[in-house]
Amino acid sequence: MNHDPVRADAARLTETGADARKVFLLTAAFCAAALVLRALFGGLWYGPILDDSIQYINYPSSADYGALIEQEGLFASRPLAALMDLYVIGPLRGCLIVPVLLLSVLHGLSAAMYSRLFGGLFRTGTAFAVVFALIPLGCEGTYWLSASSRIIPGLFFTAAAAQMLLSFTERGGWQRVPALFVLTLLSFGFYEQILVLSLTLQGLIFLRFVRRERRVWAAAATASAAAAAYFLFTHHFAGGGSLGNRVEIVTSYGSWYWKNFVPDLVRQIGAAFVKGGLRTAGIGFVRGAGMAVTSVGGVIFLLLAIGLGVGCVLVRRPQPNRPTVIPLGAWRAALVWGILLFLAPLTPYFVIANPWFSLRATVPSMVGAALIADLILRAALRRRRPYAVAVGALLAFFLIAGASEVADYKETARADDALAEEILSHAEEMEGRVGILRLEEFDGGQNYAYHEHVASACASEWALYGKLVAVSGGELPFSPVPLATEGYSFYHGWNTAAKRLDGFDQLWLWEDGALIRLRAERTGEHDFTLYREGEDVPAAFVWEEEEYGYVRFAG
C-alpha cells in the first residue's frame with residue numbers, strides 16, 4: 001500500500017486524540033491567560049483612546065443606527081466591525097474592560113487554532129503560538145480596542161475557515177460547505193488585510209491538496225462566492241458617508257509610484273517591523289520590569305509572568321516514550337508558507353492611494369512571522385528540552401515587555417481624562433472654533449513613538465472632540481483644535497489654512513495642566529500678539545513667513 005503524504009497531513013490535521021486535544025487546550029489556556037494578565041497590568045480597567053470614544057460611546061448613543069450607518073458609510077468597508085461596535089461593545093456603555101478581556105481570550109484561542117493547523121502540516125511547535133499572540137509589537141493591534149475589535153475576530157474566523165476547509169478536504173461531507181462559506185465571509189468582514197490573509201491561506205491549502213483531492217475545487221468555488229458576496233455588499237454602500245471612501249485605490253502606476261510611493265511605504269513597513277519590533281521588545285522589557293517592581297500588584301504580575309513561563313516549560317517537557325530530537329517536517333514548505341503569509345497582508349497598502357502603515361498593521365503578518373520564527377527556533381535548538389525552555393522564556397519576556405505597552409495606554413487614557421475635565425470646566429465660556437495653544441500630545445516616555453501608536457486625544461481635532469462628547473454625554477457648542485507649538489513651526493503648507501489664528505473664534509493657552517483665555521491683537525496680515533486675559537504684558541508673538549506659522553512665548 002502506497003503512503004500518501006498529503007493524506008497523512010490531512011489525517012494529522014483532523015486528529016482528535018487525547019494528546020492532540022491536550023496540546024490544543026494547554027496552548028489556548030496559556031496564551032489566553034498571558035493576554036488577560038497583560039490586559040490587567042495596572043488595574044482592572046480600560047481607558048478609551050482616540051477612536052474608542054467615538055466608536056464605543058458616541059456611536060452607540062445614536063437614536064437611529066440605520067441613519068448612522070448610512071451617514072458615516074459604516075458598511076462601505078469592515079461591515080462586521082461596525083455591527084460589533086454598535087450591537088456588541090456599544091451596549092456595555094463604556095465598560096470597555098469586558099470586551100478587552102473577551103478579545104484576549106479569543107486571541108489565545110486563535111493562537112491554539114493556528115498552532116494546531118500548522119502543527120499538522122509542518123510539525124510547528126508552541127513557539128508559534130507564543131510569538132503570534134504575545135509579541136510586544138502586536139500590542140497596538142491586540143490591546144487597543146479600536147484595532148483589536150477588528151483584527152482579533154478576523155484572525156479567529158480566518159483560522160476557523162481554514163480548519164473547516166481542511167476538514168472538508170480530508171473527510172468530505174457537503175454539510176461543511178455552507179459552514180465554510182459563512183466562516184470565510186466572516187473572516188472578510190473585519191479588516192482588509194485579513195481578507196487577503198484568509199484568501200492566501202485558503203489558496204495555499206488548495207494548492208497543497210489540489211492534485212489528490214477534487215473536493216478542494218468545491219472549496220475554492222465556495223471561497224470565491226464568499227469574496228464575491230462581500231465585494232458586492234460593500235460596493236453597494238461605497239461612496240456614501242464620511243467613511244464611504246475609506247479605501248481609495250491608486251489609479252496610476254507611473255514613475256512617481258515607483259520612485260516615491262513605493263520607497264516611502266517600504267520605509268514605513270521597515271520602521272514598523274524592525275524599529276518597532278526591537279524597541280517594543282527590548283525597551284519594553286526593561287520598562288515593563290522596572291514598572292512591575294514599583295508596586296505590590298506589579299510584583300505579583302511579575303511572579304505570574306515568570307510562573308506562566310515555567311509552567312509552559314513543565315507541561316511541554318519531553319515524555320519518556322518520545323524522541324528527544326525535534327522533527328523539522330516539511331521545513332521548505334513551512335518556510336515558503338511563512339514568507340507568503342507574512343507578505344500577503346502587506347499587499348493592500350501597495351494599492352491604497354494614501355497608505356499609512358501603523359504598528360497594528362503588523363499583526364496580520366504575524367501568522368507568517370510566527371511560522372518562520374518557530375521553524376528557526378526548532379532548527380537552531382533541535383532538542384525538545386531546550387526548545388521548551390526557550391518557549392517558556394520567550395513567553396515571560398514578551399509578557400513583561402507587553403505590560404509596558406499596556407501601561408502606556410492606561411497612562412495616556414488618564415491624561416486624556418484630565419484634559420477633558422479641564423476643557424469641559426470652561427465649556428460655558430467657549431463657543432465656535434476654539435484654538436488651544438501649547439496643547440501637545442501626551443508623552444509618557446513610550447517604547448516607540450510611531451504614527452498614532454499610543455496617541456492621545458490631542459493628536460487631532462476629531463479625536464479631541466470625540467473624547468469631549470463621550471465625557472460630556474452630548475454634542476458641544478464649540479470645536480476645540482489642538483495647536484501644538486513644539487518644533488520648528490506650528491503650521492506649514494497643508495494645514496496652514498486650518499491653523500491660522502484668524503480662523504478661530506477664541507484662543508486659549510494650555511499651561512501647567514490648566515486653560516487660560518487669550519486675547520489677540522493683530523500686528524500684520526497673519527501676525528498677532530497674544531495676551532493672557534486681564535493682562536497687558538504679551539504672552540506670545542505669532543508670525544507667518546511663506547505660509548509657515550511661528551510662535552515665540554514671552555519669558
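**Cavities, helix packing and the mixed sheet**

By class, the residues lining the largest cavity of this predicted model comprise 9 nonpolar, 2 polar and 1 charged, where Ala, Val, Leu, Ile, Met, Phe, Trp, Tyr, Cys and Pro count as nonpolar, Asp, Glu, Lys and Arg as charged, and the others, Gly among them, as polar. The model is a predicted one, in which local features need pLDDT of at least 70 and side-chain atom pairs count only at pLDDT 80 or more, while totals for chains, interfaces and linings use all residues. Residues are numbered from 1 along each chain as its sequence is written, and side-chain values use heavy atoms, with hydrogens and water left out.

A search of the whole structure finds 2 cavities of 30 Å³ or more. A cavity is here a set of points, on a 1 Å grid over the protein atoms alone, where a 1.4 Å probe fits but cannot get out, and its lining residues have an atom within 4 Å of a point; grid points are joined across faces, edges and corners, and a volume is the space filled by probe spheres set on the points. The largest cavity has a volume of about 100 Å³ and is lined by 12 residues, of which Leu26, Thr27, Phe30, Thr126 and Cys312 lie nearest its centre. Two or more lining residues are given by each of helix H2 (18–39), H7 and helix H14 (296–315), helices (H or I, at least four residues) and strands (E, at least two) being DSSP runs numbered from the N terminus. The most is given by H2, with 5 residues.

The second largest cavity holds about 30 Å³ of space, and its lining consists of His107, Phe132, Ala133, Ile135, Gly138, Thr142, Val363 and Met366. These lining residues divide into 5 nonpolar, 3 polar and no charged.

Helix H6 (residues 97–122) packs with helix H7 (residues 127–134) at an angle of about 145 degrees, their axes lying 9 Å apart; axes are lines fitted to C-alpha atoms, for helices over the stretch in contact, and angles run from 0 to 180 degrees between N-to-C directions. From H6, the contact (heavy atoms within 4.5 Å) is made by His107, Ser110, Ala111, Tyr114, Ser115 and Phe118, and from H7 by Phe128, Ala129, Phe132 and Ala133. By class, this contact of H6 with H7 has 7 nonpolar, 3 polar and no charged residues.

An open sheet of 8 strands has the order E2-E1-E4-E5-E6-E7-E8-E3, with mixed pairing, two strands being paired if DSSP finds at least two bridges between them. Strand E2 (478–483) and E3 stand at the edges, each with a single partner strand, so that one side of each is left without a neighbour in the sheet. Strand E3 (residues 491–492) pairs with strand E8 (residues 548–553) in the antiparallel sense over 2 bridges, with Tyr491 opposite Gly549 in E8. Antiparallel pairing also joins strand E7 (residues 538–545) to E8, over 6 bridges, and here Trp543 stands opposite Tyr550. A hairpin is formed by E7 and E8 with 2 residues between them, and Glu546 in the turn has a positive phi of about 50 degrees. Strand E6 (residues 528–532) is paired with E7 in the antiparallel sense over 4 bridges, Phe528 standing opposite Val542 in E7.

Helix H18 (residues 461–472) packs on the sheet, touching E1 and E2, and its direction makes about 130 degrees with that of E2. Helix H17 (residues 384–424) lies across strand E1 (432–437), E2, strand E4 (506–511) and strand E5 (514–522), running at about 60 degrees to E5. Within E4 lies Trp510, which, leaving aside its neighbours within four places in sequence, is in contact with Leu419, Glu422, Ile436, Leu437, Arg438, Leu439 and Leu515. The C-alpha atoms of Trp510 and Phe30, 480 residues apart along the chain, are separated by 46 Å.

Conventions. 1 Å grid on protein atoms, 1.4 Å probe; cavity = no way out; pocket = protein on both sides within 12 Å on 5 of 7 lines; lining within 4 Å.
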